[in-house]
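I opened this notebook to keep a record of what I look up in the structure, one entry for each topic. I begin with a term that I need for reading the loops and strands.

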Amino acid sequence: MIVGADCHPPLPGYHMFLKGKIVTASMLDDDAITDITERFEKRYDANIDFTVEINSSIIGGVIVTVQGDVYDGSVRGRLKSMREQITK
Amino acid sequence: MYFGLPTIVFYLLNLAVVFVALRFLVYKPVIRFLKKREDSVAQMLDDAREERDKAQAAHEVYEARMEQTQKESAAILAEAGKSAAMRAEDIIAKATAEAAEIKKRAERDIENEKQHARRDLRSELADTALAIAQKVIKREIRAEDNRRLIEDFFKEVG
């Protein structure tokens with residue numbers, strides 16, 4: 001689930017250095033972190049330096065924040081979305 | 001007893017004198033008194049007649065006024081009765097309309113309350129169900145589940 005401002009990939013050919021944050025419920029292995037980094041670097045066409053934060057309240061999945069854009073792939077986020085659907 | 005002519009004449013003279021004296025001393029005053037009395041009584045009768053006539057006239061005026069007043073009262077009562085009937089109809093019509101409005105409002109409020117209650121119940125149920133799901137998932141989630149979640153996340157993000 002993508003939350004936040006519109007996804008605005010940078011102009012092609014222009015490489016930026018960005019900071020990002022990965023929030024996860026339990027420690028991810030290096031492969032998973034690399035995977036996430038590569039995908040978002042491709043998406044933003046920039047080098048992204050991710051910090052990893054452990055927060056068990058998200059239960060599972062990840063929440064990735066880059067440049068103010070929040071990508072919520074957490075279990076907590078999905079459950080919240082389900083609740084909104086039920087109570088609509 | 002022997003009554004000679006001089007005695008008779010004397011007695012007759014006495015009688016005449018008494019008669020004349022009575023006539024002047026008693027008869028005329030008495031007549032005058034009686035006349036005065038008669039006049040006074042006649043006057044009183046006249047006055048009484050006059051008073052009676054006045055009373056009669058006043059009574060007639062009173063009767064006429066009473067009749068007029070009664071007619072006016074009857075007219076006012078009739079008018080008031082009509083107005084009261086019309087007012088009563090107005091009041092009933094207004095009350096009926098108000099009652100209908102109150103009923104409509106009450107039905108609307110009840111419907112709103114029902115919807116609120118349904119929403120609240122759905123929220124509560126959703127919260128309870130999700131709290132349970134959260135607990136279960138937290139307990140049961142494994143590393144490979146987490147990995148699958150991340151893969152799904154990549155699919156969504158693109």
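**Entry 1: a term, and two loops.** Helices (H or I, at least four residues) and strands (E, at least two) are DSSP runs, numbered from the N terminus. I also note at the start that this is a predicted model. With that term in hand, I looked up A:Ile59 and found that A:Ile59 lies in the loop between β3 and β4 of chain A. I then asked myself: is A:Ile59 buried or exposed? A:Ile59 has 22 other C-beta atoms within 10 Å, and because the cut-off for a buried residue is 20 or more, A:Ile59 counts as buried. The phi of A:Ile59 is positive, about 70 degrees, although A:Ile59 is not a glycine. I wrote beside this that most residues other than glycine have a negative phi.

I found a second residue of this kind in A:Asp45, which is not a glycine either and has a positive phi of about 50 degrees. A:Asp45 is found in the loop between α1 and β3 (46–54) of chain A, and with 14 other C-beta atoms within 10 Å it is partly exposed. I also looked up A:Met16, which is found in strand β2 of chain A and is exposed, with 12 other C-beta atoms within 10 Å. Although A:Met16 and A:Asp45 are 29 residues apart along the chain, their C-alpha atoms are separated by 7.5 Å.

**Entry 2: strand β4 of chain A and its partners.** I next asked which strands pair with β4(A), and in which sense. Strand β2 (residues 16–24) of chain A pairs with β4(A) in the antiparallel sense over 5 bridges, and one such link that I could trace is A:Lys21, whose bridge partner in β4(A) is A:Thr65. Strand β5 (residues 69–72) of chain A also pairs with β4(A) in the antiparallel sense, over 4 bridges, and here I noted that A:Val64 has A:Tyr71 in β5(A) as its bridge partner. β4(A) and β5(A) form a hairpin with 2 residues between them, and in the turn A:Gln67 has a positive phi of about 55 degrees.

I then looked at burial, and found that strand β4 (residues 62–66) of chain A has 4 of its 5 residues buried, so it is largely enclosed by the rest of the structure. As for confidence, the mean pLDDT of chain A is 83, with 83% of its residues reaching 70 or more. Among the elements of chain A, β4(A) has the highest mean pLDDT (93), whereas strand β1 (residues 2–3) has the lowest (51).

**Entry 3: the nonpolar core.** How many residues does the largest nonpolar core have? I noted 17 residues, and those with the most contacts inside this core include A:Ile36, A:Phe40 and A:Val62. At least two residues each come from α1 (30–44) and β4 of chain A and from α2 of chain B, and β4(A) gives the most, with 4 residues.

**Entry 4: where the chains touch.** In chain B I recorded 2 helices and 0 strands, and of its 158 residues 3% count as buried. Chain B has 19 residues in contact with 18 residues of chain A. On the chain B side, the elements that give two or more residues are α1 (5–140) and α2, and by class this side has 10 nonpolar, 3 polar and 6 charged residues.

One residue that I looked up here is B:Leu149, which is in helix α2 (residues 143–157) of chain B. B:Leu149 counts as buried because 20 C-beta neighbours lie inside 10 Å. Apart from neighbours within four places in sequence, B:Leu149 is in contact with A:Gly60, A:Gly61, A:Gly73 and A:Val75.

**Entry 5: helix α2 of chain A.** Finally I checked the length of helix α2 (residues 75–87) of chain A: at 1.5 Å a residue, its 13 residues should span 18 Å, which agrees with end C-alpha atoms that are 18 Å apart.

Technical notes
Residues numbered from 1 in each chain as written. Chains lettered and ligands numbered in written order. Predicted model: local features only at pLDDT ≥ 70, side-chain atom pairs only at ≥ 80, totals over all residues. Contact = placed C-beta atoms within 7 Å. Nonpolar A, V, L, I, M, F, W, Y, C, P; charged D, E, K, R; others polar. Pairing = 2+ DSSP bridges. Expected span 1.5 Å × (residues − 1). Core = buried A, V, L, I, M, F, W, Y, C linked by C-beta atoms within 7 Å. pLDDT = per-residue confidence, 0-100.
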